[in-house]
Amino acid sequence: MKEVMEYLERYKEQHLKELQDFLHIPSVSTDSTHKEDVKTAAKFVADYLMNAGFETVEVQETKGHPLVYAEWMNAGEEAPTVLFYGHYDVQPPDPLDQWKSEPFEPEVRDGRIYARGASDDKGQVFMHLVVLKAFLQSTGSLPINVKVCVEGEEEIGSANLYDILHEQKEKFQADFAVISDSGMVAKDQPTILYGLKGFTGLEFTLKGPDNDLHSGLYGGAVKNPAIALAQLLATMKNEEEVVQVAHFYDQVEPLSDEERTLIKDAPSEDYEESTGVKETVSEKGYTAKEHTMARPTLEINGLYSGYQGEGTKTIIPSTATAKLTCRLVPGQDPQEIQDLLVKHLEQHVPKGVELTIKREPLSAKAYKVDPDHPLITKAAESFAETFEKEAVYVRMGGSIPVVEWIDSIYQIPVVLLGFGTPDDRLHSPNESFPVAHFDKGMKTIVHYWEKVKNLKQ
């Protein structure tokens with residue numbers, strides 16, 4: 001470990017410069033005009049792993065963007081094998097006028113590196129690549145066997161990854177997986193993320209007349225789809241934030257006293273400071289932290305109907321549309337929840353309008369690992385040694401579908417080593433990542449590989 005740590009310190013400035021080169025590539029997966037840039041980012045990852053000392057490095061073409069696979073399997077059969085997953089694609093940088101510096105011209109200021117992808121997920125992926133190189137270049141080996149999977153489609157739903165993992169199961173098989181695509185509850189507060197929510201959703205439209213109508217001539221005779229939409233949505237959740245869809249909570253695993261204590265002990269976010277809201281709301285009987293981390297949700301993500309321009313246009317709109325998503329907890333099946341939503345909408349649709357439903361094709365089950373699992377406790381120890389602070393344990397309200405896929409296909413633990421902070425502004429203008437976390441994160445990873453080398457499953 002001494003040689004590895006010295007290597008990281010010796011080339012500290014070089015590694016930051018290399019990260020800036022990585023961030024400079026506009027690998028926006030959702031925008032076809034950046035298709036070649038996405039390929040360039042994949043090549044960057046592959047070249048870095050090859051130069052680090054990996055003997056097997058492949059850029060796998062998919063139906064969409066490339067996936068980088070690499071492996072180093074010379075630690076021996078007695079050593080565990082880890083599958084490291086990350087993604088090199090990023091969200092679009094829009095709106096550009098809200099950036100203080102160019103999104104793909106990385107800039108370090110006030111202790112943070114600003115660029116699209118700085119935190120999600122290039123910065124966190126690159127920490128692992130650097131550590132792998134540090135081990136191989138300074139000692140000639142790794143403490144464990146390593147397989148690397150870095151894809152270019154996470155920000156568009158990992159459309160091809162599931163099939164690849166399923167069809168090439170033996171190739172990606174490992175004893176456990178590590179993902180760094182999450183964060184901490186606060187800067188410099190080590191955080192063990194032992195659970196993620198699942199995800200499902202749908203979009204539905206209510207159609208009234210064949211075209212927009214004069215509200216004076218037809219108001220009172222023709223049902224207004226926008227009003228019908230509001231009435232229908234109001235049947236789905238009450239004022240106490242309790243979802244009213246029949247059987248929605250039937251399969252929810254109860255929140256134990258032990259978990260409620262873990263959640264209570266985690267630092268609280270200042271929601272007014274971070275979001276601007278004056279007060280929080282949560283499901284009756286649960287705190288805001290409990291609701292966001294460990295209880296299911298139903299949210300309206302978008303509404304559209306009628307005239308959107310300046311001034312007034314006195315119409316009855318022809319249609320009204322809403323987009324809904326649910327974050328799910330262990331025990332809930334995405335398909336069953338989607339079916340329940342559809343049944344509720346069909347049973348409660350107001351008279352005078354026609355309902356059409358478009359199901360969200362992407363979904364994922366919730367994931368949770370035992371907080372006392374040795375792989376998790378070793379992660380907590382590694383965090384504590386680097387950040388000189390005990391880790392807190394939380395579940396996250398977000399979803400990372402690949403976690404559930406790895407769990408279901410390979411049935412192995414997934415360790416979420418997140419180094420982001422609440423101030424990183426993921427998916428927003430001025431995304432950034434603390435330079436201190438970049439440095440401490442790499443040291444944490446070094447400690448972790450050393451600590452788990454004897455934990456063969």
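Leucine 328 is buried, at 0% relative accessibility. Buried here means under 20% relative accessible area, exposed means over 50%, and partly exposed is in between, with a 1.4 Å probe and protein chains only. Before I go on: this is a predicted model, where local features need pLDDT of at least 70, side-chain atom pairs count only at pLDDT 80 or more, and totals for chains, interfaces and linings use all residues. Residues are numbered from 1 along each chain as its sequence is written, and side-chain values use heavy atoms, with hydrogens and water left out.

Back to leucine 328, which sits in strand β13, residues 319–328. Helices (H or I, at least four residues) and strands (E, at least two) are DSSP runs, numbered from the N terminus. What does leucine 328 touch, leaving aside its neighbours within four places in sequence? Its contacts are Lys197, Gly198, Phe199, Thr200, Asp333, Pro334, Ile337 and Ala366. Contact means heavy atoms within 4.5 Å. Threonine 292 is 36 residues from leucine 328 in sequence, and their C-alpha atoms are 11 Å apart in space.

From threonine 261 to alanine 41, 220 residues apart along the chain, the C-alpha separation is 43 Å.

Now the core. In soluble globular proteins, nonpolar side chains tend to be buried together. A nonpolar core, as used here, is a set of buried Ala, Val, Leu, Ile, Met, Phe, Trp, Tyr and Cys residues joined through side-chain atoms within 4.5 Å. The largest one in this model has 102 residues, and those with the most contacts inside it are Leu49, Phe54, Val402, Ile406, Tyr448 and Trp449. Helix α4, residues 122–139, supplies the largest share of this core, 10 residues. Apart from this core lies another, of 23 residues, among them Leu229, Leu233, Phe248 and Leu340. As for leucine 49, if neighbours within four places in sequence are left aside, it is in contact with Phe54, Val57, Val68, Ala70, Leu129, Leu132 and Val148.

Next, helix packing. Two packed helices are described by the angle between their axes and the distance between the axes. Axes are lines fitted to C-alpha atoms, for helices over the stretch in contact, and angles run from 0 to 180 degrees between N-to-C directions.

How do α1 and α15 cross, and within what distance? The axes of α1 (residues 2–10) and α15 (residues 435–451) come within 11 Å and cross at roughly 165°. That makes α1 roughly antiparallel to α15. Angles under 35 degrees count as roughly parallel, over 145 as roughly antiparallel, 65 to 115 as roughly perpendicular, and the rest as oblique. On the α1 side the contact is made by Val4, Met5, Leu8 and Glu9, and on the α15 side by Met442, Lys443, Val446 and His447. These residues divide into five nonpolar, one polar and two charged. In that count Ala, Val, Leu, Ile, Met, Phe, Trp, Tyr, Cys and Pro are nonpolar, Asp, Glu, Lys and Arg are charged, and the others, Gly among them, are polar.

Helix α13, residues 374–387, also packs on α15, at an angle of about 135° with the axes 8 Å apart. The two are therefore oblique to each other. Residues of α13 in this contact include Leu375, Phe383 and Phe387, and those of α15 include His437, Thr444 and Tyr448. The contact of α13 with α15 divides into five nonpolar, five polar and six charged residues.

Last, the backbone. Most residues other than glycine have a negative phi, and most peptide bonds are trans. Aspartate 94 and proline 95 are joined by a cis peptide bond, with omega about -5°. Proline 95 is in the loop between β3 (81–87) and β4 (107–109). Another cis peptide bond joins aspartate 120 and aspartate 121, with omega about 0°. Serine 158 has a positive phi, near 50°, and is buried at 6% relative accessible area. Arginine 425 has a phi near 55°, but is partly exposed, at 42%.
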